Amino acid sequence: QTLSEIAFHQSFGLELAEAEAWLKRFINGKDEFAISQAWNIYKTFYDKNRDAIETLSKVFLENVSPKLLNTKNTELVMPGMYDPKRPQIFITGFAPTLSVLNSK
């Protein structure tokens, strides 16, 4: 785990685990109250973190995914795109900082 993951789990782990438990209760028994509880927790979580989410402009891979940052010269095969007669596509590496594209 990265320091970012540890901090996230410490800050939000219990809250999101509770939402997950309500979601599982709904899946197992179709309890409408359970899905409502899960939704309320997720909505509250989003509302509390909306500013941070919407203003996030960069992600530093060293902090969030060192494995991805260290991935080098990896073959990329996309379903339906493989053609043995054409050159294969490789990912040579990832930039240490990625820009976040905001969407609605």
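Colleague: Which residues of α2 are buried?

Modeller: In this predicted model, the buried residues of α2 are Ala 34, Ala 38, Ile 41, Phe 45 and Asn 49. The general idea is that an α-helix has 3.6 residues a turn, so residues three or four places apart point the same way. Here, the buried residues of α2 pack against α1, residues 3-29.

Colleague: What should the 24 residues of helix α2 span?

Modeller: At 1.5 Å a residue, helix α2 (residues 32-55) should span 34 Å, and its end C-alpha atoms are 34 Å apart, which agrees. Even so, α2 bends by about 60° at Asn 49.

Colleague: Which residue caps the N-terminal end of α2?

Modeller: Asp 31 does, with a side-chain oxygen 3.0 Å from the backbone nitrogen of Phe 33.

Colleague: How many aromatic pairs does the structure hold?

Modeller: The structure holds 4 aromatic pairs. One of them joins Phe 8 and Phe 45, edge-to-face, at 6.3 Å centre to centre with 80° between the planes. Phe 8 lies in helix α1 and Phe 45 in helix α2, so this pair ties together parts 37 residues apart in sequence. Phe 45 is buried, at 15% relative accessible area, whereas Phe 8 counts as partly exposed at 37%. Trp 22 and Phe 33 also form an edge-to-face pair, 5.5 Å centre to centre. That pair links Trp 22 in helix α1 with Phe 33 in helix α2.

Terms used
Residues numbered from 1 in each chain as written. Predicted model: local features only at pLDDT ≥ 70, side-chain atom pairs only at ≥ 80, totals over all residues. Heavy atoms only, no water. Helix = DSSP H or I, 4+ residues; strand = E, 2+ residues; numbered from the N terminus. Expected span 1.5 Å × (residues − 1). Bend = angle between axes of the 7 residues up to and from the residue. Buried < 20%, exposed > 50% of the residue type's maximum accessible area, 1.4 Å probe, protein only. Contact = heavy atoms within 4.5 Å. Polar contact = N/O pair within 3.5 Å; in protein donor to acceptor, adjacent residues only side chain to side chain. Phe/Tyr/Trp six-rings, centres within 6.5 Å; stacked < 30°, edge-to-face > 60°.
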